[in-house]
Amino acid sequence: MAQAFTKTMARNIFYGGTLFFFLLFLALTFDSHGQFPSRDNRAALESPDLGPKIALGKKLWEENDCIGCHTLLGEGAYFAPELGNVYKRFGESKEAIMGFIKSRPKDGVPGRRSMPQFNFTDEELDALAEFLKYVSGINTSHWPPNVNG
Amino acid sequence: MKYKSQKVARLYFIAALVLFVAQILFGLIMGLQYVMGDFLFPYMPFNVARMVHTNALIVWLLMAFMGAAYYLVPEEAETELAMPWLATLMFWIFFLAAGATVAGYLLLSYSDLAKLTMNDMLPTMGREFLEQPTITKLGIVVVALAFLLNIGLTILKGRKTVINLVLLMGLTGLAVFFLFSFYNPTNVVLDKYYWWWVVHLWVEGVWELILGAILAFVLIKTTGVDREVIEKWLYIIIAMTLITGIIGTGHHYYWIGTPEYWQWWGSIFSAMEPIPFFMMTVFAFNMVNKRRRNHPNKAAMLWALGTAVMAFLGAGVWGFLHTLAPVNYYTHGSQITAAHGHMAFYGAYVMISLTIISYAMPMLMGRTAANSNRSQVREMWGFWLMTISIVFITLFLTGAGVLQAFLQRMGENPTPFMVVQDKIALFYWLREITGVVFLIGLIVYLSSFFVGRNEPEPEVAVAE
Amino acid sequence: MAESAVVEQNDKERRYPPGDLAIWIFILAELSVFAVFFAAYAFTRLNHVELFNEYQQHLDRRSALINTLALITSSYFVVRAVAAIKADNAKGCIRWLLAAIGMGFVFLVVKSMEYAHHFSLGVNLSTNTFYMFYLSLTFFHFMHVMMGMIILAAVAFKAKQGAYSATEHTGVETGASYWHMVDLVWLILFPLVYVMR
């Protein structure tokens with residue numbers, strides 16, 4: 001038994017298997033890159049009008065750590081609602097999103113979870129809403145199951 | 001402890017435990033905010049507590065891994081560390097950088113921190129687990145490179161064992177995949193695709209190499225089983241880990257704009273990810289049953305077996321629970337994910353860190369092989385309190401998650417997120433109470449370092 | 001010392017399964033991956049019978065048949081290679097292994113031509129569910145053929161260095177076992193994907 005199972009063979013399986021599956025992973029990654037343009041709402045990013053706005057929106061999204069409470073396409077913290085589809089949930093209205101962010105009370109809501117007041121400028125609010133609109137245009141294979149996220 | 005330079009590990013282990021305490025305290029704050037939404041608002045919003053909770057975890061695990069490497073690499077290589085001074089220097093750089101980053105999180109608003117650290121020049125902040133300012137990330141790279149150099153040179157000049165080799169591969173992989181944290185395109189799909197190359201390929205890839213190597217080392221030391229046998233197991237386990245885990249990355253590519261075939265590839269391969277964890281459980285118990293000696297450090301043995309069981313439950317079983325695409329459709333980004341995250345991180349990485357700390361600390365404190373009986377009993381109380389707590393935390397979060405998926409995502413009239421959160425508040429209260437028990441367990445565990453210091457080591461027949 | 005070597009040798013002759021036990025654990029894992037893939041294929045096919053029937057027509061069954069024959073032949077060559085080394089004929093063993101690798105090349109070339117045809121029509125993993133399965137399954141197997149050829153080449157190389165003999169040939173049996181698995185998977189894949197209606 002001890003003879004039948006050698007360390008060399010176990011080692012070869014480790015190196016061979018790892019290399020094999022990493023190459024396969026790279027092949028699938030390569031194919032995925034071919035598919036991204038038809039799924040990732042690139043049109044919005046490449047539009048000369050919207051592109052810079054979305055980029056600013058994403059920067060604001062990141063520099064205020066929105067992911068620390070919310071999920072975006074299901075990834076992030078589970079403390080506050082999913083925002084990948086918030087544009088759809090808010091009746092496809094950027095104004096509704098902007099209004100919501102703007103109206104958060106500075107000192108919160110007694111006893112309840114509340115989003116902080118970030119004091120964004122109108123330009124920033126517009127960029128954030130544009131970013132969330134762009135994300136809602138990504139083909140996520142029908143996730144989330146419904147508008148509640 | 002055979003080599004003087006191993007002693008540097010002590011610094012790393014102590015710092016790891018300090019950050020562990022911070023992690024748990026901030027976890028309790030978050031848990032309370034889940035049920036008392038205005039707790040500490042607006043001074044410490046939820047996201048800040050969460051950043052400290054998750055970042056402290058990551059950093060203390062890295063500290064523990066580095067400490068483990070500084071302890072076991074010289075012993076395996078049978079030589080002194082190549083540059084002990086560099087290890088000490090890097091420790092202080094790392095520790096101060098981590099401290100400064102946490103202070104930044106707590107004292108400044110996140111956007112001010114971003115401005116202060118000039119995030120604009122190379123924006124990498126604000127993505128889950130990678131919230132650290134870019135300069136901290138660069139610091140981590142420098143520390144990692146210096147660390148790898150030190151460890152690599154030590155291995156090169158000494159005996160080359162499988163454990164050292166696997167550990168080095170794991171740590172190198174850790175450093176290499178961290179580089180993807182600097183790639184942050186505006187395109188959200190691409191951003192997420194490569195973000196997982198850090199997160200998934202860490203915890204379900206290279207970190208498991210580190211886990212396997214440390215476990216193998218402790219088992220060789222405590223059971224006295226033939227190295228050849230243990231190394232064989234180690235290779236097969238890590239082979240299965242990467243064979244299933246690399247393509248298993250696909251289980252994160254179901255709903256983020258990636259092509260739909262990932263639902264098949266991801267489901268099939270990640271469904272196999274429990275196999276290496278199961279093998280690890282079988283391996284650990286097998287080795288302990290075949291032991292040729294009774295090591296006086298019973299606590300370390302308990303941690304090692306605990307790791308093998310809890311890693312399988314947390315990473316294997318709880319991972320499998322929601323890894324198949326049709327199930328994940330309803331559970332993605334819900335409290336089920338949180339449940340899995342808690343037990344997997346505790347079972348695999350927290351416990352392996354505490355295993356090596358438990359094994360090495362007595363020697364680092366100048367004892368022969370183990371702490372006194374009294375200290376070990378105390379430590380085992382800590383083990384059981386923390387482990388049972390995490391099991392219940394996981395169960396309560398799973399309950400919350402099942403209800404959440406059911407109310408919010410299934411049925412005729414799905415309920416909005418915040419309404420659902422109110423309905424499942426009972427589970428959050430139970431989780432918070434269990435969290436307090438965990439903290440008590442942690443205090444009991446830490447106190448074990450301070451009791452029975454002058455008492456003798458337990459006597460067992462040591463045959464070596 | 002000599003006595004224990006004899007015992008060991010007897011052990012080896014009686015030993016089952018042949019080759020290294022580690023490779024059998026691995027083969028089992030591989031077969032289960034393929035089994036899950038095949039089951040997924042069959043299950044999905046049930047739900048999309050018409051789609052699958054339609055696109056199966058587009059596959060080149062003649063090439064697949066050539067490939068089936070190529071792999072069966074190569075498996076036979078590998079059997080001969082094992083027999084040769086058991087008769088202490090290292091040269092014969094190497095020749096049979098090279099012949100098996102040659103048949104592997106035939107497989108790769110024919111399959112590549114098939115892929116080239118599909119790609120020229122713009123077919124990819126996202127074209128439809130049938131092509132997703134067809135390409136995934138066959139490409140995954142394709143990579144296994146390459147892997148098997150590398151393993152056989154390594155075995156042949158070691159044989160050339162004189163590492164194997166009538167008494168010590170675990171490595172040859174190990175490589176042969178893996179190659180037979182690759183062949184076996186194709187023998188299921190071929191009827192399942194190309195023929196079954």
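In helix α4 of chain C, the buried residues are C:Ala64, C:Asn67, C:Ala70, C:Leu71, C:Ser74, C:Ser75, C:Phe77, C:Val78, C:Ala81, C:Val82, C:Ala84 and C:Ile85. The model is a predicted one. An α-helix has 3.6 residues a turn, so residues three or four places apart point the same way. The buried residues of α4(C) are covered by elements that include α5 (90–120), α6 (129–160) and α7 (170–195) of chain C. Just after α4(C), C:Asp88 adopts a positive phi of about 65 degrees.

Leaving aside residues up to four places away in sequence, C:Ala81 touches C:Cys93, C:Trp96, C:Leu97, C:Ala100, C:Val172 and C:Ala176. The largest nonpolar core contains 247 residues, and C:Ala81 and C:Cys93 touch the most other members. Helix α7 (residues 188–223) of chain B supplies the largest share of this core, 24 residues. Domain 1 (7–36) and domain 2 (42–136) of chain A each contribute at least three residues to this core.

Chain B contains 16 helices and 0 strands. Its C-alpha trace spans about 70 × 45 × 45 Å along the principal axes. Of the 464 residues in chain B, 60% are buried. Among contacts in chain B between residues at least 6 apart in sequence, 81% link residues at least 24 apart.

Definitions and conventions:
Residues are numbered from 1 along each chain as its sequence is written. Chains are lettered from A and ligands numbered from 1 in the order in which they are written. This is a predicted model: local features need pLDDT of at least 70, side-chain atom pairs count only at pLDDT 80 or more; totals for chains, interfaces and linings use all residues. A nonpolar core is a set of buried Ala, Val, Leu, Ile, Met, Phe, Trp, Tyr and Cys residues joined through C-beta atoms within 7 Å. A residue is buried if 20 or more other C-beta atoms lie within 10 Å of its own, exposed if 12 or fewer, and partly exposed in between; C-beta atoms are placed from the backbone. Helices (H or I, at least four residues) and strands (E, at least two) are DSSP runs, numbered from the N terminus. Domain bounds come from an automatic or database domain assignment. Two residues are in contact if their C-beta atoms, placed from the backbone, lie within 7 Å.
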